[in-house]
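This report describes a single protein chain, moving from its overall surface and fold to selected residues. The sequence and structure are shown below.

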Amino acid sequence: MSLFRKLNTKAEPEINTGFGVNSADYGGRFVNKNGVPNIEKKGISFFKKISLYHALLHLPGWQFYSGIFIFFIAINLCFAVVYNLI
């Protein structure tokens, strides 16, 4: 149990989570009224800000499924070409 003794005992917990009753007291909303998060990522390079997972979540259903279908067809065509060359 020596792992728990190495914790910083001088650290103070963050009480302000931004989800209080009155958002004006906390500096604004965490989540806007339309459900979009009100968070900015600062100090991160451009490529680290981009998340493939979140990009796929925000795609319409037909684009997501057609992307999966096209990827499936492309992989199968690659294997078919390799098979025919062998």
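## Surface and burial

Of the 86 residues in the protein chain, buried residues make up 1%. The model is a predicted one. The accessible surface of the chain comes to about 8,800 Å², and carbon and sulfur atoms account for 66% of that area.

## Secondary structure and confidence

The protein chain contains three helices and zero strands. Read from the N terminus, the order of its elements is α-α-α.

Across the protein chain the pLDDT averages 79, and 71% of the residues reach a score of at least 70. Among the elements, the lowest mean pLDDT, 74, belongs to helix 1, whereas helix 3 has the highest, at 96.

Helix 3 spans residues 61-85 and includes Ile-70. Ile-70 is also one of the residues of a nonpolar surface patch, together with Phe-69, Phe-72, Ile-73 and Leu-77. The accessible area of these residues together is about 540 Å².

Is Ile-70 itself buried or exposed? Its relative accessibility is 57%, and because exposed means over 50%, Ile-70 counts as exposed.

## The aromatic pair

One aromatic pair is present in the structure. Its members are Phe-64 and Tyr-65, whose ring centres lie 5.5 Å apart with 70 degrees between the planes. The pair is classed as edge-to-face because the angle between the planes is over 60 degrees.

The two partners fall into separate accessibility classes. Phe-64 has a relative accessible area of 28% and is therefore partly exposed, as this value lies between the 20% and 50% limits. Tyr-65, with a relative accessible area of 59%, is exposed because this value is over 50%.

## Pro-37 and its contacts

Pro-37 is located in the segment before helix 1, the element formed by residues 46-49. Which residues does Pro-37 touch, not counting residues up to four places away in sequence? With that exclusion, the contacts of Pro-37 are Phe-30 and Val-31.

How values were computed. Residues numbered from 1 in each chain as written. Predicted model: local features only at pLDDT ≥ 70, side-chain atom pairs only at ≥ 80, totals over all residues. Heavy atoms only, no water. Phe/Tyr/Trp six-rings, centres within 6.5 Å; stacked < 30°, edge-to-face > 60°. Buried < 20%, exposed > 50% of the residue type's maximum accessible area, 1.4 Å probe, protein only. Helix = DSSP H or I, 4+ residues; strand = E, 2+ residues; numbered from the N terminus. Areas by Shrake-Rupley, 256 points an atom, 1.4 Å probe, with all protein chains shown as cover. Patch = residues over 30% accessible without salt bridge, like charges linked within 9 Å, V, L, I, M, F, W, Y side chains within 5 Å. Salt bridge = Lys/Arg side-chain N within 4 Å of Asp/Glu carboxyl O. Contact = heavy atoms within 4.5 Å. pLDDT = per-residue confidence, 0-100.
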